[in-house]
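Here are my notes on the model, as numbered points. Please read them with the structure open.

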Amino acid sequence: MILAEGGGVSRVSGGRFVVQQVQSRLRTALGEWILDPRIGWLNLSDFEKDFDQFEIETRARAIIISTEGVSSITSLVATYEKRKMTITFEAVTIYGTISLTVPWE
């Protein structure tokens with residue numbers, strides 16, 4: 001849903017819908033859903049000294065590529081700093097290329 005010109009709300013469709021779906025799915029998987037903190041795959045062990053960066057990126061890629069409308073992932077980088085992670089990626093969708101950065105802390 002988005003605010004429509006002239007007031008009211010409108011349903012999102014097309015490329016905007018794919019972008020929102022990817023963001024929503026990643027944020028939910030990153031544990032951002034306040035109503036149920038058990039949902040999500042990141043936890044403190046992902047930020048330990050010897051965390052498995054490949055495993056985290058693999059989980060993120062699986063979420064992105066399984067989103068309806070996403071054809072492929074061009075690039076994905078996960079950066080970590082002081083218990084904060086940011087996933088930045090570029091993906092090809094049926095509506096064109098999208099580029100997003102999703103933070104988690």
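1. Start with strand E4, residues 84-93, where the side chains alternate. Met85, Ile87, Phe89, Ala91 and Thr93 point to one face and are buried. Buried means under 20% relative accessible area, exposed over 50%, partly exposed in between, with a 1.4 Å probe and protein chains only. Strands (E, at least two residues) and helices (H or I, at least four) are DSSP runs, numbered from the N terminus.

2. The basis of these notes is a predicted model: local features need pLDDT of at least 70, side-chain atom pairs count only at pLDDT 80 or more, and totals for chains, interfaces and linings use all residues. Residues are numbered from 1 along each chain as its sequence is written, and side-chain values use heavy atoms, with hydrogens and water left out.

3. Which strands flank E4 in the sheet? The order is E3-E4-E5, an open sheet of three strands with antiparallel pairing. E3 and E5 are the edge strands, each pairing on one side only. From one strand to the next, the twist averages 15°. Two strands count as paired if DSSP finds at least two bridges between them.

4. Now the two pairings of E4. Strand E3 (residues 70-81) is joined to E4 by ten bridges, and the two run antiparallel. Across this pair, Tyr80 stands opposite Met85. On the E5 side (residues 96-104) there are nine bridges, again antiparallel. A hairpin of two residues links E4 to E5.

5. H2 lies across E3 and E4, at about 145° to E3. Contact means heavy atoms within 4.5 Å. Axes are lines fitted to C-alpha atoms, for helices over the stretch in contact, and angles run from 0 to 180 degrees between N-to-C directions.

6. How do H1 and H2 pack against each other? Helix H1 (residues 14-29) and helix H2 (residues 53-65) pack at about 145°, with their axes 9 Å apart. Val22, Arg25, Leu26 and Ala29 of H1 make the contact with Ala60, Ile63 and Ile64 of H2. By class, that is six nonpolar, no polar and one charged residues. Here Ala, Val, Leu, Ile, Met, Phe, Trp, Tyr, Cys and Pro count as nonpolar, Asp, Glu, Lys and Arg as charged, and the others, Gly among them, as polar.

7. Check Thr67, in the loop between H2 and E3. Why does Thr67 count as buried? Its relative accessibility is 4%, so Thr67 falls in the buried class. Leaving aside neighbours within four places in sequence, Thr67 is in contact with Gln21, Val22 and Arg25. Val22 and Arg25 also belong to the contact of H1 with H2.

8. Finally, the whole chain. Two helices and five strands are present, in the order β-β-α-α-β-β-β from the N terminus. Of the 105 residues, 30% count as buried. Among contacts between residues at least 6 apart in sequence, 37% join residues at least 24 apart.
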